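Please look over the sequence and the model before reading the report on helix packing and surface features.

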Amino acid sequence: MNLDNSFSNIVREIIKKSNSLLCHLVKFQDLRNFNSSKFQVSEFILLGFPGIHSWQHWLSLPLALLYLLALSANILILIIINQEATLHQPKYYFLGILAMVDMGLATTIMPKILAILWFNAKVISFPQCFVQMYAIHCFVAMESGIFVCMAIDRYVAICRPLHYPSIITGSFVVKTTVFMALRNSLTTIPTPVFAAQRQYCSKNQIEHCLCSNLGVTSLSCDDDKTVKSIYQLLLAWTLMGSDLGLIILSYALILQSVLKLNSAEAASKALSTCTSHLILILFFYTVIIVISITHSAATTIPLIPVLLNVLHNVIPPALNPMVYALKNKELRQGLYKILKLDFKGN
């Protein structure tokens, strides 16, 4: 009987202690949730270029000039293509689409960067940050896709010239452009969505001029970031890697076909044109790779990936129209004609 009473007392004591421990755990969880919601940030602060905050405003002049050059040069390309009937061809349509994508890419980041450097407008809200993140990824992927279309266009023109009018048509331009727009606008959605789903507890200062995915998610206080990070990395490399592979294959076949030409002059002209295009394309992809690699070493030299990221979004839009225009006789003629008409009008 005494043994039963002792056992009952022990059981009651264990239940009492368990209930007490459970209450403490519930209180701790409530306190943690309260602290998490209390310190959940509602906006980010873009600090600008790391390590040079005191004199980073001097960078506003070259960046503003690059931005104005990108806008004016691409707008001029669109005007030339629109006004010259001889340029209403698929390869120039692709060039016009590239010009619009270039302007979109530069405009996605440059107004905010200049506002930071000129007016110290460093605050950006959650929605604005993730919208900018989506727009950057979408325009970069779209530019990559247009490079693929242009490489295929050049491959068919040089390697299959007799079939070019029947393959590369206006319908082909529309279909490939719509496909690339849908592919890039849909596949880049997970990047800002996953970033927005993370918890941002107390840190909200980003050592960057724009809402880059790596810069924003590094502030997250989530315990498990591996799965989402791996998914985003695989998605990026699948898109960019497949595009780069198709471009390299196209230009390799072009090079093989050009070397077989009997005319040295025609071969030299084709090589000159394709080389300049390929240099711009390789610069575009090389910077993306370098940014990914240098971000892991950002603790030592954090300025390098930030500067490369900004320049990658403004230098190609500024250089693309000039290189394509200078290397194309029809575009140069259209430019001269527009300038002469404008001069006569004045």
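The report below treats helix pairs, a surface patch and one backbone angle.

This is a predicted model, in which local features need pLDDT of at least 70 and side-chain atom pairs count only at pLDDT 80 or more, while totals for chains, interfaces and linings use all residues. Residues are numbered from 1 along each chain as its sequence is written, and side-chain values use heavy atoms, with hydrogens and water left out.

Two packed helices are described by the angle between their axes and the distance between the axes. Helices here are DSSP runs of H or I with at least four residues, and strands are runs of E with at least two.

| Helix pair | Angle | Axes |
|---|---|---|
| α2 (60-83) and α3 (90-119) | about 155 degrees | 9 Å apart |
| α4 (126-159) and α6 | roughly 150 degrees | within 9 Å |

Helix α2 is therefore roughly antiparallel to α3, a term for angles over 145 degrees, and their contact comprises 21 nonpolar, 4 polar and 1 charged residues. Helices α4 and α6 are likewise roughly antiparallel to each other.

Helix α6 (residues 170-187) also supplies the largest share, 4 residues, of a nonpolar patch. This surface patch of about 500 Å² is made by Val174, Val178, Leu182, Leu186, Ile189 and Val193; patch residues have over 30% relative accessible area and no salt bridge, with nonpolar side chains joined within 5 Å. Leu182 is one of the residues lying in α6.

Most residues other than glycine have a negative phi. Asn120, in the loop between α3 and β2 (123-125), has a positive phi of about 60 degrees although it is not a glycine.

Technical notes
Axes are lines fitted to C-alpha atoms, for helices over the stretch in contact, and angles run from 0 to 180 degrees between N-to-C directions. Angles under 35 degrees count as roughly parallel, over 145 as roughly antiparallel, 65 to 115 as roughly perpendicular and the rest as oblique. Ala, Val, Leu, Ile, Met, Phe, Trp, Tyr, Cys and Pro count as nonpolar, Asp, Glu, Lys and Arg as charged, and the others, Gly among them, as polar. Patches are made of residues with over 30% relative accessible area and no salt bridge: like charges are joined within 9 Å, nonpolar side chains (Val, Leu, Ile, Met, Phe, Trp, Tyr) within 5 Å. Accessible areas come from the Shrake-Rupley method with a 1.4 Å probe; for residues, only the protein chains shown count as cover. A salt bridge is a side-chain nitrogen of Lys or Arg within 4 Å of a carboxyl oxygen of Asp or Glu.
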